[in-house]
Amino acid sequence: MVAERESEDKPLCCKFAGFYGCRDVKLRPKPAVWTFESENSNIAGEYMSFVIIALLGLLLNNGVVWLLSNRLQMNFYGAKLIAVAVVTLWNFGMNYYFTF
């Protein structure tokens, strides 16, 4: 019951996307401080690249889960586990080569 009450006050976009903590996340203007070293002075460009790659990772995550669970009839939670692994590699690789 407590979990139900906690999820009721979340925005609809958070419930739909599965981001139950998204309203508590503060976007930081310089993600390179915690992930990669960057000497680039174009922080806005790096940040936009970072956000675009993250959004593409979200689409990839949903696509992998849909493909594995609906098309290949795999267990939903197994599909989520595989999707997390795929998207982790995607996000790291794309940010390594294109963002920082």
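Let me start with the contacts. Counting contacts in the protein between residues at least 6 apart in sequence, 48% join residues at least 24 apart. This is a predicted model, so please hear every value as computed from it.

The overall layout is quick to describe. There are four helices and zero strands, and along the sequence the pattern reads α-α-α-α. Of the 100 residues in the protein, 21% are buried.

Two packed helices are described by the angle between their axes and the distance between the axes. Helix α3 covers residues 43-71 and helix α4 covers residues 76-99. Their axes are 8 Å apart, and the packing angle is about 155°. Angles over 145 degrees count as roughly antiparallel, and α3 and α4 are therefore roughly antiparallel to each other. The crossing of α3 past α4 is right-handed. As for what makes up the contact of α3 with α4, its residues divide into 17 nonpolar, seven polar and two charged.

Now α4 by itself. This helix has 24 residues. From its first C-alpha to its last, α4 reaches 32 Å, close to the 34 Å expected at 1.5 Å a residue.

Which residues of α4 are buried? They are A79, A83, V87, G93, N95 and T99. An α-helix has 3.6 residues a turn, so residues three or four places apart point the same way. Keep that in mind when you look at the buried positions on the structure. The buried residues of α4 pack against α3.

That leaves the loop between α3 and α4, where I picked out two residues. One is Q73, which lies in that loop. Most residues other than glycine have a negative phi. Q73 is not a glycine, yet its phi is positive, at about 55°. Is Q73 buried or exposed? The cut-off for exposed is over 50% relative accessible area, so Q73, at 64% relative accessibility, counts as exposed.

The other residue is N75, also placed in the loop between α3 and α4. N75 has a relative accessible area of 52%, and is therefore exposed. How far is N75 from V65? In sequence they are 10 residues apart, and in space they are 9.7 Å apart, C-alpha to C-alpha.

To recap the pair: α3 and α4 pack at about 155° with axes 8 Å apart, and the buried residues of α4 pack against α3. In the loop between them, Q73 has the positive phi, and N75 is exposed.

Technical notes: Residues numbered from 1 in each chain as written. Predicted model: local features only at pLDDT ≥ 70, side-chain atom pairs only at ≥ 80, totals over all residues. Heavy atoms only, no water. Axes fitted to C-alpha atoms, helices over the stretch in contact; angles between N-to-C directions. Parallel < 35°, antiparallel > 145°, perpendicular 65-115°, else oblique. Left-handed = near helix turned anticlockwise from the far one by under 90°. Nonpolar A, V, L, I, M, F, W, Y, C, P; charged D, E, K, R; others polar. Expected span 1.5 Å × (residues − 1). Buried < 20%, exposed > 50% of the residue type's maximum accessible area, 1.4 Å probe, protein only. Contact = heavy atoms within 4.5 Å.
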